[in-house]
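Reader: I'd like to go through the labels on this one and hear what backs each of them up. Can we take them one at a time?

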Amino acid sequence: MHSSQPLLSVRGLNAWYGESHALHGVDLDIWPGETVTLLGRNGVGKTTTLRAIMGIIRKRTGSVAFDGQDVLKLALHRTAHAGIGFVPEERGIFATLTVEENLMLPPAVDRGGMSVEEIYALFPNLLERRSSPGTKLSGGEQQMLAIARILRTGVKLILLDEPTEGLAPVIVQRIGEMLLALKQRGLTVLLVEQNFRFAAKIADRFYVMDHGQVTDSFTTAQLPDRIQSLNRALGV
Amino acid sequence: MTMIFGIPVQALLGQLLVGLINGSFYAALSLGLAVIFGLLRIINFAHGALYMLGAFVGYLLLAFAGIGYWPALIVAPLIVGLFGAVLERTMLSRLYKLDHLYSLLFTFGLALFIEGTFRYFYGSSGQPYAVPPSLAGGTNLGFMFLPNYRAWVVVASFAVCIGTWFLIERTKLGSYLRAATENPTLVQAFGVNVPLLLTFTYAFGCALAGFTGILAAPIYQVSPVMGSNIIIIVFAVVVVGGMGSIFGAIATGYLLGLAEGLTKVIYPEASNIVVFVIMAVVLLVRPAGLFGKEA
Ligand SMILES: Nc1ncnc2c1ncn2[C@@H]1O[C@H](COP(=O)(O)OP(=O)(O)OP(=O)(O)O)[C@@H](O)[C@H]1O
Ligand SMILES: [Mg+2]
């Protein structure tokens, strides 16, 4: 089924917050163009996995190969230039920057990113409010801005942490449509999501995490058979 | 003679002008401190020494290389900025991971070291630095005689303040600086070389101090203690304005310079302490400073 090499290949990834050992050997692969969802209860290490891949957490062992490159060796600001974009759980919209400055902040790392015109066509709200401070946007708009600014950069892989957390159902649906549009453009996404019903609409495959490890993986087609055991595993 | 509230208008305007000139120096210096504090979160105790260094570089350029005021106005800040960049890269950057007290102690020690070095060679007496011929003389404003050089100081300092404000609030580089002030890790994760940005910011703040120093050289004499004389007032300005606000640093600098001038006509005995009295009052009423964010 998979023709080429994985775009991202994580093997035996361990990570620490100070003395506290948060990841205990995470293994996962993502092929070009896939949307892969990471499921798991609160505190199992989903966010930590994304931060460790990105290099925000520096105390790491194991290997993270991206596009044939060993990312663990890179300085934090080189990871983005290797082609990985990060949308943090807390969204990270800057209050002292306008909406447009927020949008333009991440440097373009490759050709093939969306143009500002395309982004404004996709998110008319952002155009309308482009000169207001970033944090004056609603939660949903801030989430869209957080995703939009990474789309500009031309990265190959987006690490997307709980984009629907705390948002109203209409906005969640809107974000779902957006992620589908990205998928059609061939973007590769590693999505952290608690809501697997939402994720089922966009993801190709799932990984389940527990205690800082990947404990299960399955395709979206296999999801219906798993619903009961998942509900138990995720404590929903 | 025209009087306002029993004060001769001539004396009033004259002292306000002196206040404006002092305020120009306060504004430029506290601006440099605010720029550095904003991103690096350290209080640059070496700021006064770097101001003195700017004046001395100008003096030495003239004495040993025959390089005059106008080229020195560019070269001296560049040299002081470069010095700042080297300091940040080789020493200060190693202290970021530690408690802020360490970088504070480091810049304090640095100030003593720079000042001590110049004291060793020049004592504490001042060296004269002549006003450039193109700005010699003055203009009679009717109520007072305004030396051209002093008018230039007001204009140059104001231009630099506005330029810095523009750089930070209205440019791409400024948006990196503001964003990195809020969340340096995320900005670096986006692919911006934040360590380099920190070096640039420190160097820029130092260059601002150097520029103010060379600007001050023809007015005050060039002396090893000129920095410690002015920096105490500038720290009071920073406390009154509140840390971290670019606009606040500029506005408070001018405000306190004018307040000092005004006090000289109304109650001259208090003119040396008025800044500190204002500081005490502000600390009581609004501890975060006039332009600071309440915690
Ligand atoms: N900054 C930190 N310092 C110390 N420990 C942390 C830090 N951030 C997270 N942890 C710990 O690391 C573990 C994994 O946390 P992580 O944030 O990766 O979980 P998560 O799966 O993303 O959870 P959630 O669904 O709540 O976002 C948790 O035990 C958490 O308490
Ligand atoms: Mg999380």
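Predicted model: local features only at pLDDT ≥ 70, side-chain atom pairs only at ≥ 80, totals over all residues.

Reader: Which atoms of Gly43(A) and Lys46(A) come up against ligand 1?

Author: For Gly43(A) it's a backbone N or O atom, 2.8 Å from an oxygen atom of the ligand. Lys46(A) uses a polar side-chain atom, also 2.8 Å from a ligand oxygen.

Reader: How do you know which helix gives the most to the shell around ligand 1?

Author: By residues contributed: helix H1 of chain A, residues 46–54, puts in 4. The whole surround is 14 residues, with Gly43(A), Lys46(A), Thr47(A), Thr48(A) and Glu89(A) the closest. By class that's 3 nonpolar, 6 polar and 5 charged.

Reader: Over in chain B, why is Leu284(B) called exposed?

Author: Its relative accessible area is 73%. Exposed means over 50%, so Leu284(B) qualifies. You'll find Leu284(B) in helix H11 of chain B, residues 274–285.

Reader: And what makes the nonpolar surface patch there?

Author: Leu284(B) together with Ile273(B), Val277(B), Val281(B) and Val285(B), for about 510 Å². Patch residues need over 30% relative accessible area, and Leu284(B) has 73%, so that condition is met.

How values were computed: Residues numbered from 1 in each chain as written. Chains lettered and ligands numbered in written order. Heavy atoms only, no water. Near = heavy atom within 4 Å. Polar contact = N/O pair within 3.5 Å; in protein donor to acceptor, adjacent residues only side chain to side chain. Helix = DSSP H or I, 4+ residues; strand = E, 2+ residues; numbered from the N terminus. Nonpolar A, V, L, I, M, F, W, Y, C, P; charged D, E, K, R; others polar. Patch = residues over 30% accessible without salt bridge, like charges linked within 9 Å, V, L, I, M, F, W, Y side chains within 5 Å. Areas by Shrake-Rupley, 256 points an atom, 1.4 Å probe, with all protein chains shown as cover. Salt bridge = Lys/Arg side-chain N within 4 Å of Asp/Glu carboxyl O. Buried < 20%, exposed > 50% of the residue type's maximum accessible area, 1.4 Å probe, protein only.
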